[in-house]
Amino acid sequence: MKLKQRVVLLAILLVIFIFTKVFLIDNLDTSAANREDQRAFQRMLSGLRVALDPRLEHTLQSPWEIAAQWVVPREVYPEDTPELGAVMHAMTTKKIIKADVGYKGTQLKALLILEGGQKVVFKPKRYARDYIVEGEPYAGYDRHNAEVAAFHLDRILGFRRAPLVVGRFVNLRTEMKPVATEQLLGTFMSVGNNTCFYGKCYYCRETEPACADGDIMEGSVTLWLPDVWPLQKHRHPWGRTYREGKLARWEYDESYCDAVKKTSPYDSGPRLLDIIDTAIFDYLIGNADRHHYESFQDDEGASMLILLDNAKSFGNPALDERSILAPLYQCCIIRVSTWNRLNYLKNGVLKSALKTAMSHDPISPVLSDPHLDALDQRLLSILATVKQCTDQFGPDVVLVEDRMTLSHL
């Protein structure tokens, strides 16, 4: 064989060797990542059912101290939470030592201080489980049960970015009124034989109070994040105008995502992928009202997008508001770990998992069957949207590897 032929042959063999090595390493890495995603999914399923048990073993800390220590820049609670049941039990049973009007906002809520000094946000029941909220996708009062369901969906998706929420029954006459501030107490009233209050908020009206069944009011309590983690509010880049006839830029500009990618904090770091995750989360629960979002202060885009205020959800199971998915179908990117988790939840697994996760809540059943069925249907729409993206741009562009090491690990 001539020297020239040998050189060409060696060059070809070298290319084949390099290609094979790269291909195998990539496949091994991908396979290892996928196996870890599968293991994480199985761990989530095994810990879904949370019994509200007051016992805290192997610690002298209070439930509030434990929950406060869970919070880190990229999650509100860790994957492994054997004390979760005890914390949620405390949220639903600890004595209310102070009740005040809620923080600023459009919807009725009360700020409660529980025994031990823990703040929680109480949202009262407004609708029966089978009530259909008609009109715009963000119409109607806040739904307390939506907060409970959204928290457990956050667990199932593996995001761990939603504050803890649990249902609670409160005796307004004996538990709240005696410890209410003058500002809150002034909004209490009786309607027939029912105790009611209308609180203080942008849309709160004396003519539209929330009423208990007699004195007993069903609601949700959301655990307040520790004060050492102050929040920063951001306008959502895909927020609505809420003005008839006026469209936001993302609603008419097909290249809008390209513009978002050039602005901070979406030009680097995890924030844009958090926006995509949140769009998927919001589409599943039917939340079209995330006009703003919160992160931890001075984070320069590194901390998570915190999934706060999910109560404008589960209003109409027959309405699939596709515009909620705009960040996904306009940017056509998604975390590999999110994509894997969504695929594991196909074929009725999502509905079953959420039903199991909520089964021990004091206000169970949390959702009606049509809402649970809607989750599985919406999941298929998300998967189809990602497939359209991969068909157009290829999986290497659409599926983004983003496995950040969390500070507590």
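Biologist: Where does Pro 365 lie?

Modeller: In this predicted model, Pro 365 sits in the loop between H11 and H12.

Biologist: What kind of peptide bond joins Ser 364 and Pro 365?

Modeller: The bond between Ser 364 and Pro 365 is cis, with omega at about 5°. In general, most peptide bonds are trans.

Biologist: And which kind of bond joins Ser 264 and Pro 265?

Modeller: Ser 264 and Pro 265 are also joined by a cis peptide bond, and omega is about 5° there. Pro 265 belongs to the loop between helix H7 (256–260) and H8.

Biologist: Back to H11 and H12, then. At what angle do they pack?

Modeller: Helix H11, residues 349–358, packs against H12 at an angle of about 140°, and the axes are 8 Å apart. H11 is therefore oblique to H12. Angles over 145 degrees would count as roughly antiparallel.

Biologist: Is that crossing left-handed or right-handed?

Modeller: H11 and H12 make a right-handed crossing.

Biologist: Which residues meet there?

Modeller: From H11 come Leu 350, Lys 351, Leu 354, Lys 355 and Met 358. On the H12 side they meet Asp 369, Leu 372, Asp 373, Leu 375, Asp 376 and Leu 379. By class, this contact of H11 with H12 has six nonpolar residues, five charged ones and no polar ones.

Biologist: What about H10 and H12, how do their axes cross?

Modeller: The axes of helix H10 (residues 336–344) and helix H12 (residues 369–393) come within 10 Å and cross at roughly 135°. H10 and H12 are therefore oblique to each other. The crossing of H10 with H12 is left-handed.

Biologist: Which residues make the contact?

Modeller: H10 contributes Trp 339, Leu 342 and Asn 343, while H12 contributes Leu 379, Ile 382, Leu 383 and Val 386. The contact of H10 with H12 divides into six nonpolar residues, one polar residue and no charged residues.

Biologist: Changing topic: which residue does UniProt list as "active site"?

Modeller: The UniProt record, an unreviewed entry, lists Asp 289 under that heading. Asp 289 is located in the loop between helix H8 (271–285) and strand S10 (292–296).

Biologist: What is Asp 289 in contact with, leaving aside its neighbours within four places in sequence?

Modeller: With those neighbours set aside, Asp 289 contacts Tyr 138, Tyr 242 and Lys 312.

Biologist: Which residue has a positive phi although it is not a glycine?

Modeller: Asp 309 does, with phi at about 55°. Asp 309 is in the loop between S10 and helix H9 (326–331). Most residues other than glycine have a negative phi.

Biologist: Last topic: how many aromatic pairs does a search of the whole structure find?

Modeller: The search finds nine aromatic pairs. One concerns Tyr 127 and Tyr 141, whose ring centres are 5.8 Å apart with planes at 35°, so the pair is tilted.

Biologist: Where are Tyr 127 and Tyr 141 in the chain?

Modeller: Both Tyr 127 and Tyr 141 lie in the loop between strand S3 (118–124) and helix H4 (144–157), 14 residues apart.

How values were computed: Residues numbered from 1 in each chain as written. Predicted model: local features only at pLDDT ≥ 70, side-chain atom pairs only at ≥ 80, totals over all residues. Heavy atoms only, no water. UniProt positions renumbered as here; feature names shortened; annotations may be inferred. Helix = DSSP H or I, 4+ residues; strand = E, 2+ residues; numbered from the N terminus. Contact = heavy atoms within 4.5 Å. Axes fitted to C-alpha atoms, helices over the stretch in contact; angles between N-to-C directions. Parallel < 35°, antiparallel > 145°, perpendicular 65-115°, else oblique. Left-handed = near helix turned anticlockwise from the far one by under 90°. Nonpolar A, V, L, I, M, F, W, Y, C, P; charged D, E, K, R; others polar. Phe/Tyr/Trp six-rings, centres within 6.5 Å; stacked < 30°, edge-to-face > 60°.
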